[in-house]
Each structure stands twice: as C-alpha cells, then as structure tokens.
Amino acid sequence: MQEHVRDDAAFMGKITAGATHELKNVFAIVGESAGLLEDLLQAPSSRDFPHRERFLKALTSIRDQVRRGTHILTQLNRFAHGADSDAAAVRLRDMVENLKALSDRFLRQKALSLTFSGTQGADEVTIQACPVSLQRLLFTGLMALAQEVPQGGSLSIHTGAEADGVWCRLSGQAGVLDEAAVGAIRRCFEEEDVAALLQALSATVSVQGDGVLVRLSRSG
Amino acid sequence: MEMFRVLLVDDEREFVTTLGERLEIRGLTVRIAYDGPEALQALEAEPFDVVVLDVRMPGLSGLEILKRMKTSRPDVPIILLTGHSATRDGIEGMRLGAFDYLMKPIDIDRLLEKMREAVLGRTSTPAGGD
C-alpha cells in the first residue's frame, strides 16, 4: 500500500475504533437501563402497572436492538483495527465473519442472504497479508457477485488452505451466473485499482458459473 | 441468589449505577467506585467477595488497578469488563490474576454466573468475551 494511503487508512481506523468503543459504552448504558426497567416491571408490585405488557415488549425490542448494534459495532471495530498494520496474520474465518456482518446492509438491498460454509480441512486458515487490502478484495468480489445474482438469492463463502496458499470461494447457487454475468464480474477485477490490489496481495481470481475463487499465495 | 458483596469499578457512571441497582434487586450488596484510587481504598477498608472491574478507565488503568488489588488482596477474585477491542486486555488481565473477563454490554445472568463461579472457587467456564 502506498505510504499516504496507509496513513489515511490508519487514521480512519483509529478514529473509527475509538468511536465504536464509545458507542459500545452507549449501548451498555441503554442495555442496562432497559434491563433495570424490565426488572422493575417484573416485580410483584408492578403487576398492576398500566400497559405493563406493552412496556415489556418494547424493552425486549430494545434489548434485541442493543444486541444487534453491539454485533455490528464489534465487527466495525475489528475492521477498523485492521488498519493498525499493513501486514498481519489474518484468520480467514474472522475476516469472513467480519465481511458478512459489514456487508449485510448492501446485500439486504437485493434481499440476498450470505452464509459462511466453513473452512475446508482445518479450522484455522491464516495468511500473512494487509488486512484492509484483503478485506477490500473480498468485498469487491462479493459485491460483484451480488450484482449479478437474482434478487432474493443466497450467497455463500467457503475458505480453505492449499500447498502454498489459501483460497476463498464466493458462490451463488450452482449455475446461477450466465456468460454475461461472468464477464461482468471478471471486468470488476480488471479495473486498475483492483488489479493493483491483486498484485499487492499476490492474489489471483478466477470467475466461473458458480462464483468467484480468490487464491492467495503464501510465498508472494 | 447468594448474598455476595461486590465492588463495581467503572468510570461510566450511568452504566455502573444502573448495573449496581440491578444487582441489588437480585440480593447482592453493591459498592461502586468510579476510579482506581477510590476502588483501591474501598478494597482496603471493606470486605468484598468479588470485584468487577472495567479495564479501560482514565487515569489508573484497569490492569494497573488489577495488579495493585492482587498485591493487597490476592484472595478477592476479580472479573474484568472489556470493550470489544480489548480482548487482549482480558487475556492479559487473566495472566495477571483476574478470574475471567466479560465483554460489554454484559448479560446480567452471565455476570451473576461468573461471580458465583469466582466466589465459590470454581474453574471459570470459557467466557472470553461472550
């Protein structure tokens, strides 16, 4: 990564990480306050409290949203910390979980679902790489694929290790991509900035009828 | 619920007072400290069964407070509260003698379970950030 770009990413990461930390404290206070109200409403002396059931229902909703928001913040914080270093041991499983959480909003616009199908062979597949660059590459592939699959479809990510590297397969349902779609996805990876990203990561991409296969070399 | 005496240490006043109130509803005796010096003083002066300590606080850090508490009162188990980015702090805290750590926002039932384990001397079940 170019030095000024790396500095910009590190700056963005630092500010985002700090903000997510603060927001998590906000959620903690909201969560505890909702919990306290639930405790009070559950007390025998509150049985005749007007609208008790509606209050409890609303508090359940607050608790669910706190949990949802906390999950997003946790993943955003991890993503932000990816900019701490331009070379780190990246656990693919963590990165995919991160990608899944943070791309949800984009996928929902096409009512797409994304699942992580696990890791082939081993639980822990790691590679030394720039976390932000790798995440950007996978996000690019995911968005290119999402663009081409039909509304309401399902996508999956599968990872694995091979002799001198690791791979990550982004798939739609089998046979979901026609030739035009395959061509459109390939063109995404031929764009100058994405091609540079592939080179920087020592990565290769192949696009076929069922999706995108990203390979990263350990020796690169 | 057991009648534990718990010292809660956190600079987020609204969070810790609300949490304290919820623990009191469940029968615990709660003392709150908003910073390290106040917490260390309380631990010297009063008996506690367990301490719940936030890792990230301005001034004296949670880990520094933990070290001092472990020196002055090694018998009192300490449960750390960490933010999401602070898993490393939690692990470091356990190396320094903390019983376990939980990530904020906490689930009160999980905290109670963890406190019970700590006070009754059971081995901690994996929490590592809930």
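What covers the buried residues of helix 1 of chain B? The cover includes helix 1 of chain A, together with strand 1 (5-9), strand 2 (29-33) and helix 5 (108-119) of chain B. Here a residue is buried if 20 or more other C-beta atoms, placed from the backbone, lie within 10 Å of its own. Helices (H or I, at least four residues) and strands (E, at least two) are DSSP runs, numbered from the N terminus.

The model is predicted; local features need pLDDT of at least 70 and side-chain atom pairs count only at pLDDT 80 or more, whereas totals for chains, interfaces and linings use all residues. Residues are numbered from 1 along each chain as its sequence is written, and chains are lettered from A and ligands numbered from 1 in the order in which they are written. The predictor gives the complex an ipTM of 0.82 and a pTM of 0.83. For chain B the mean pLDDT (the predictor's confidence in each residue, from 0 to 100) is 89, and 89% of its residues reach 70 or more.

Chain B contains five helices and five strands, arranged along the sequence as β-α-β-α-β-α-β-α-β-α. Of its 130 residues, 45% count as buried. Two residues are in contact if their C-beta atoms, placed from the backbone, lie within 7 Å. Among the contacts in chain B with a separation of 6 or more, 62% are between residues 24 or more positions apart.

Helix 1 of chain B (residues 13-25) has 13 residues and spans 18 Å from its first C-alpha to its last, close to the 18 Å expected at 1.5 Å a residue; the expected span is 1.5 Å times one less than the number of residues. Its buried residues include B:Phe15, B:Leu19 and B:Leu23. Just after this helix, B:Gly27 takes a positive phi of about 95 degrees.

The contact between the chains takes 19 residues from chain A and 14 residues from chain B. On the chain A side, helix 1 (3-42) and helix 2 (52-81) each give two or more residues, and the largest share, 13 residues, comes from helix 1 of chain A. This side divides into seven nonpolar, nine polar and three charged residues. Ala, Val, Leu, Ile, Met, Phe, Trp, Tyr, Cys and Pro count as nonpolar, Asp, Glu, Lys and Arg as charged, and the others, Gly among them, as polar.

Chain A is divided into domain 1 (3-84) and domain 2 (88-217), with bounds from an automatic or database domain assignment. The centres of the two domains, taken over C-alpha atoms, are separated by 29 Å.

Technical notes
A residue is buried if 20 or more other C-beta atoms lie within 10 Å of its own, exposed if 12 or fewer, and partly exposed in between; C-beta atoms are placed from the backbone.
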